[in-house]
Amino acid sequence: MSQKIHDILTNSRKQLTGHGIGVAVLDTGCFPHEDLKDRITAFHDLVGRRTSPYDDNGHGTHVCGIIAGNGCAAGGRHRGIAPGCHLIPVKVLDRRGGGCASDVLAGLRWIRENRERCRIRIVNISIGSFSRRNMGENSALVRGVNEAWDAGLIVVVAAGNMGPGRGTITTPGISRKVITVGCSDDDHEVTVMGSRMIDYSGRGPTGSCICKPDIVAPGASVVSCSNKAGRYASKSGTSMSTPYVSGALALLLEKRPDLTNRDVKLLLRERAVDLGLPRNQQGWGLLNLPSLLQDES
């Protein structure tokens, strides 16, 4: 996390930490890093069927750290957006970061069934598929995230790293209901999944001519928790932009717990910063956390 972004977040949060808000994270799991372990309140493993939190890849831990890391292993330096919220990691991807749609759907079903017990308000999905086969708006994955949204959950999904061409939003980010997040700083050349990339953030429109993404947030060279004790790592991509938004929404819900997912989506649209980029690149614009947390006039 750059110092400038850190300062903006620190100044805008004031006393908000996301306390009481549960964020479910469908990913590779979560290592019980010092910055996170006291707030991993439940864990569900659809890959190895283990009961204790773990992450044999590191991607999920990094995502969780952006949402909720408290920075204690780094003297507070690498804090996440909402260091007081609690996490519910759902492991649906293996050690290589691969997985199948059936596990993601089972994870979404588990979240719906356990949302009250685990106090889940937000679902973060920093994964997606770009297969052209069976991945349209009527696909099982899109139906799955739509069911979660219709149940009242706030579903935040990555736009994917297949840009900059048109129609490169990954599934299930093509859903017209969920909040799809692109990367605001993908003009910086970075390493994503071992490859040097630039202008990679997925662009709309979707196959159904829906403008996507909905909003963009920083995702280049973000430092967050690794799956080793006391260690941090730098990663890039829309996978990192997505938990920025999830963390911001945890702060918002702590302040205004009565908001519905539709209310939240409207507020994001109203308070985003227009970057002057095409609608199918920036969505409504850049996540504006200070404005998002401002009292209504």
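Author: A quick word before we start: contact here means heavy atoms within 4.5 Å. The model we are looking at is predicted.

Reader: Glad to have that settled. Is strand S6 largely enclosed or open, and how many of its five residues are buried?

Author: Strand S6 spans residues 179–183. It is largely enclosed by the rest of the structure, because its buried residues number five of the five.

Reader: Which residues of S6 point one way, and which the other?

Author: In a regular strand the side chains alternate between the two faces of the sheet. In S6, Ile-179, Val-181 and Cys-183 point one way. The other way point Thr-180 and Gly-182.

Reader: Which residue of S9 is the bridge partner of Val-181?

Author: Strand S5 (residues 154–158) runs parallel to S6 and is joined to it by three bridges, with Val-181 as the partner of Ala-158. Three bridges also join S6 to the parallel strand S9, residues 215–217. There, the partner of Val-181 is Ile-215.

Reader: Now to helix H6: within what arc do its buried residues fall?

Author: The buried residues of H6 (residues 261–271) are Asn-261, Val-264, Lys-265, Leu-267, Leu-268 and Arg-271. They line one face of the helix, because seen down the axis of H6 they fall within an arc of 160°.

Reader: And which residues are exposed on the other side of H6?

Author: The buried residues of H6 pack against several elements, including S5, S6, S9 and helix H5 (238–255). On the other side of H6, the exposed residues are Arg-262 and Glu-270.

Technical notes
Residues are numbered from 1 along each chain as its sequence is written. This is a predicted model: local features need pLDDT of at least 70, side-chain atom pairs count only at pLDDT 80 or more; totals for chains, interfaces and linings use all residues. Side-chain values use heavy atoms; hydrogens and water are left out. Buried means under 20% relative accessible area, exposed over 50%, partly exposed in between (1.4 Å probe, protein chains only). Helices (H or I, at least four residues) and strands (E, at least two) are DSSP runs, numbered from the N terminus. Two strands pair if DSSP finds at least two bridges between them. The arc is that of the directions from the helix axis to the C-beta atoms.
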